[in-house]
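My entries follow the structure.

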Amino acid sequence: ALERTISIIKPDAVAKNVIGQIYARFEQAGLKVVAAKMKQLSRQEAEGFYAVHRERPFFNALVEFMASGPVMIQVLEGDNAVARYRELMGATNPKDAAPGTIRADFADSIDANAVHGSDSQENAATEIAYFFPQTDVYGR
Ligand code: CMP
C-alpha cells in the first residue's frame, strides 16, 4: 500500500556533506520526497520528537546530539515506505547494519547513526505532523 514515513538526516551526516548521497538512495528505492526542510532543533523540539524514549538511559545524549547541528527532515512516500526505508537504513547500531545500508556506509556509532526513520505507520503519522503542516506535504 502507498505509505508515508519520516526521515531525518542527523547532524553527523549533514556535517559529512552526504545529504545528496542519501537522497539518491531514496530515489533508487522508489521513495519520493514529498516534503523537506533543514532545521536546527532546539533541545525542547528534540525532546518532544523523541518523547517515546523519555525514560530510556540514552535519552539525554540523544536529545543533545539531535540539537547539536542542523538536520535535514523529509517525508518519503512510496509503496510500503515504512519498511522499505527501514531496510535502506539498516540496523540502529551501525556495527549490526548490513553492508550497503545507509548506516553501514555513513554512521559512526549508535548515537551518531546518520538517519532516523519511523518504526510504524502510526508513529510515522505522528512524526510527520510534528514537523509538517498538512499543506506542506505534496504527496498523492
Ligand atoms: P533513532 O532511530 O533516531 O531512534 C532513537 C535513537 O536513539 C536511535 O536512532 C539511536 O541513535 C539512539 N540510541 C542510543 N542508544 C540506543 C539504544 N541502546 N537503543 C536504541 N537507540 C539508541
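**Pocket and ligand**

I sorted the residues lining the largest pocket and got 10 nonpolar, nine polar and six charged (Ala, Val, Leu, Ile, Met, Phe, Trp, Tyr, Cys and Pro count as nonpolar, Asp, Glu, Lys and Arg as charged, the others, Gly among them, as polar). The model is predicted: local features need pLDDT of at least 70 and side-chain atom pairs 80 or more, while totals for chains, interfaces and linings use all residues. Residues are numbered from 1 along each chain as its sequence is written, and side-chain values use heavy atoms, with hydrogens and water left out.

I noted a volume of about 610 Å³ for the largest pocket. A pocket here is an open set of points on a 1 Å grid over the protein atoms alone where a 1.4 Å probe fits, with protein on both sides within 12 Å along at least five of seven lines; lining residues have an atom within 4 Å of a point. Of its 25 lining residues, Tyr-50, Val-52, His-53, Leu-62 and His-116 are the closest to the centre.

I then checked which element gives the largest share of the lining: α7, with four residues (helices are DSSP runs of H or I, at least four residues).

I found that the ligand takes up the largest pocket (more than half of its atoms lie within 2 Å of the grid points). The shell around the ligand has four nonpolar, four polar and three charged residues.

Note on methods: Points joined across faces, edges and corners; volume = space filled by probe spheres on them. Helix = DSSP H or I, 4+ residues; strand = E, 2+ residues; numbered from the N terminus.
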